[in-house]
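Student: Can you walk me through this one? I have some quick questions.
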Amino acid sequence: MKRIYLDYAATTPTHPEVIRAMLPYFDGNFGNPSSIHSFGQEARVAVEEARDKVASLIGAGSEEVVFTSGGTEADNFAIRGIAYANRDKGNHIITTSIEHHAVMEPCRYLEENGFEVTYLPVDGYGMVAPQDVERAITDKTILVSVMHANNEVGTIEPIAQIGKIIRARGVYFHTDAVQTVGHIPVDVNDMGVDLLSISAHKLYGPKGVGALYIRTGMMVLPFVRGGEQEGNRRAGTENVPAIVGFGKATEIARGEMAGEAKRLTALRDKLIAGLTGRIDNIHLNGHPTQRLPNNVNVSVGFIEGESILLNLDLEGIAASTGSACSSSSLKPSHVLHAMGVSGELSRSSLRFSLGRETTAEDIDRVIAVLSEVVARLRAMSPLLNSGIKIGATSNNKLRDDIRRYEAENKTKFMCRIGHIRCLSCPASGMGKGCLLAKWQLAKQRKHIRK
């Protein structure tokens, strides 16, 4: 059975050419770039060549690229570095309610340390309104951070429009471009950003390396202190093999990006059409057109996302879910919540992210397998066999119908916190009184054994 990987938004396989480029710097060219002898200078040349390649991909100057350990460090570097360097000018930061945790958590940290943070709302597609950004700016605002494209639902934000507004107000602008660099055109000048975060392993480079673009003239406090590496902006001996691989990955992306984006967009639309055409009560999350070429995020009504993922994995198909459910939490995706998606649909979300190895045959198989999995799981659900209508009705009406059915039949379809449950939820609280979840989990295990 061929395994199909559709989780490229989580990480990508390292390109074979990237691996070949990295190998010499583990052995023969192993010098420390800070050393003045030939071994060190060979490594220094390799780092600077990689810096040139990364800068070229985003329209920046080489001196404006600072290597980091990845996207998370780059986001923290930008947000905390700007905040503390400009505290005498103001203490207000603006971001959105759908940012990656690498942006959300530094903002929460700053809130605990005397800063004020405004979290902007988004529409039902996950789109930020530029006018909301403008209205939120005050005379104390020092930084705005809006992601280029959302990692869960793929919606591409109007960064260039927002950049014009922010530039006119004299405020610094950061964007997390981890999901976009190497996949769609990114130019820091066209976008009007002052800081931009990148991660190598999202574009077929190695893990453990990324970069922060810092526009010339910016006042940003170093995030990691120590030596004078990276122009005294980021201490620590450079990870030369990873940086070389990062540079090679950006070089490859620059040459292949346009053709690959066109190919993946066609496969993405094929997957959306196939799923929505064959499965009832399935909902596309994110903007229908202004989305990443490789992203498909859907909610499959009345089935837990984790249950579907487990069944897909048994069929050799790897995807992910936008839900943050775990054995200790029932909290759904903060992104889908911000978009106004109900808790039930948030918990049934699936994210398929396509990549360079994805074929049309893979998409056909995913459509067929997912259709079978959904049909099988729904057939096991007592909720769907109860006669309760599950069409386009409001959550409140559906909830009332279920409670009425429970009372009439002396049964239970609601979990202990009042959410509609459909199939085995590993976070449903076994032993916490959720009878439906216990019954469903038992049936699911029995099916898997067969």
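Student: What follows α2?
Tutor: G59 follows α2, and the phi of G59 is positive, near 75°. This is a predicted model: local features need pLDDT of at least 70, side-chain atom pairs count only at pLDDT 80 or more, and totals for chains, interfaces and linings use all residues. Residues are numbered from 1 along each chain as its sequence is written, and side-chain values use heavy atoms, with hydrogens and water left out.

Student: How far apart are the end C-alpha atoms of α2?
Tutor: They are 31 Å apart. Helix α2 covers residues 38-58, and its 21 residues should span 30 Å at 1.5 Å a residue, so the two agree. The expected span is 1.5 Å times one less than the number of residues. Helices here are DSSP runs of H or I, at least four residues, and strands are runs of E, at least two, numbered from the N terminus.

Student: Which residues of α2 are buried?
Tutor: Among them are G40, A43, R44, V47, R51 and I58. Buried means under 20% relative accessible area, with a 1.4 Å probe and protein chains only.

Student: And what do the buried ones pack against?
Tutor: Their partners include β2 (65-68), β7 (195-199), β8 (210-214) and α9 (240-278). Contact means heavy atoms within 4.5 Å.

Student: New topic. Where is V178?
Tutor: V178 sits in the loop between β6 (172-176) and α7.

Student: Buried or exposed?
Tutor: V178 is buried, at a relative accessible area of 11%. Beyond neighbours within four places in sequence, V178 contacts G71, S197, I198, S199 and K202. Take S199: 21 residues separate it from V178 along the chain, yet their C-alpha atoms are 5.4 Å apart.

Student: Now helix packing. At what angle do α3 and α4 pack?
Tutor: About 30°, with the axes 8 Å apart. Axes are lines fitted to C-alpha atoms, for helices over the stretch in contact, and angles run from 0 to 180 degrees between N-to-C directions. The pair is therefore roughly parallel, a label for angles under 35 degrees.

Student: Which residues meet there?
Tutor: From α3 (residues 71-85), they include D75, I79 and Y84, and from α4, V103, P106 and L110.

Student: What about α9 and α13?
Tutor: Their axes come within 10 Å and cross at roughly 20°. That makes α9 roughly parallel to α13.

Student: Which residues of α9 are in that contact?
Tutor: L267, K270, L271, G274, L275 and R278. In α13, the residues they meet include I363, D364, I367 and L370.

Conventions. Parallel < 35°, antiparallel > 145°, perpendicular 65-115°, else oblique. Buried < 20%, exposed > 50% of the residue type's maximum accessible area, 1.4 Å probe, protein only.
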